[in-house]
Amino acid sequence: PEYAPEVDLEGVVAFAPAIDLQGILRWSMDRPVGARLLAYALYAWGNTLPGVSFTDVVRPEYLSRVEEMARTCLLTPAGFLMQGEVPLAKDYLAVDPLTTDPYPALLQANRPDGGLVAPLLIAHGTADSTIPFAGSEAAAEMRCAAGETVQLARFPGVSHIGIVTSAGSYALGWTVDRQAGRPVVSTCAG
């Protein structure tokens, strides 16, 4: 890798990865968790990128509420308490970030689609209501088509939160196998 050339990367593990941001956004416009995740991205971009304004994409009457959502971690007690009061993204958005500049380019730029030199394990629950499982399937297919070594591990009936406990031992074993030099069992067709 360019950022740490001294590291010998033996494998990459991703649990329910947010790979397809456009797909996640389309899928979650009317879901509270999607509203939270989008608020995080919009707030971060608006506070760090030149020419990107949080106030241009959020309706004025929702600005303080959406900023509060973006500044509160979903997994803290405050985040749990606020969950019932979350406005939906389709209600708080002033513009469609899928079609309004600069957001389509930002969504694409944050898509992890660069080549990997190490094997990849994607572990994802099929009952994930936060990050659609279809995004992991599409990512695995794309990487397989590019000739990368990919193992997509499906966990039937497992949710987004449940994937860590359901797949943790599996991922640990996969990682130990990489460190021992054992071959990867790829799920790529052909």
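Me: How exposed is Arg154?
Reply: Arg154 has a relative accessibility of 46%, so it counts as partly exposed. Buried means under 20% relative accessible area, exposed over 50%, and partly exposed in between (1.4 Å probe, protein chains only).

Me: What sort of model is this?
Reply: This is a predicted model, where local features need pLDDT of at least 70, side-chain atom pairs count only at pLDDT 80 or more, and totals for chains, interfaces and linings use all residues. Residues are numbered from 1 along each chain as its sequence is written, and side-chain values use heavy atoms, with hydrogens and water left out.

Me: Back to Arg154. Which residue does it form a salt bridge with?
Reply: Glu137, with the closest N and O atoms 3.8 Å apart. A salt bridge is a side-chain nitrogen of Lys or Arg within 4 Å of a carboxyl oxygen of Asp or Glu.

Me: How many salt bridges in the whole structure?
Reply: A search finds five. One of them joins the side chains of Glu68 and Arg65, at 2.7 Å from N to O. Both residues lie in helix α4 (residues 63–70), three residues apart, about one turn of the helix.

Me: Is Arg65 buried or exposed?
Reply: Arg65 counts as buried, because its relative accessibility is 17%. Glu68 is partly exposed at 40%.

Technical notes:
Helices (H or I, at least four residues) and strands (E, at least two) are DSSP runs, numbered from the N terminus.
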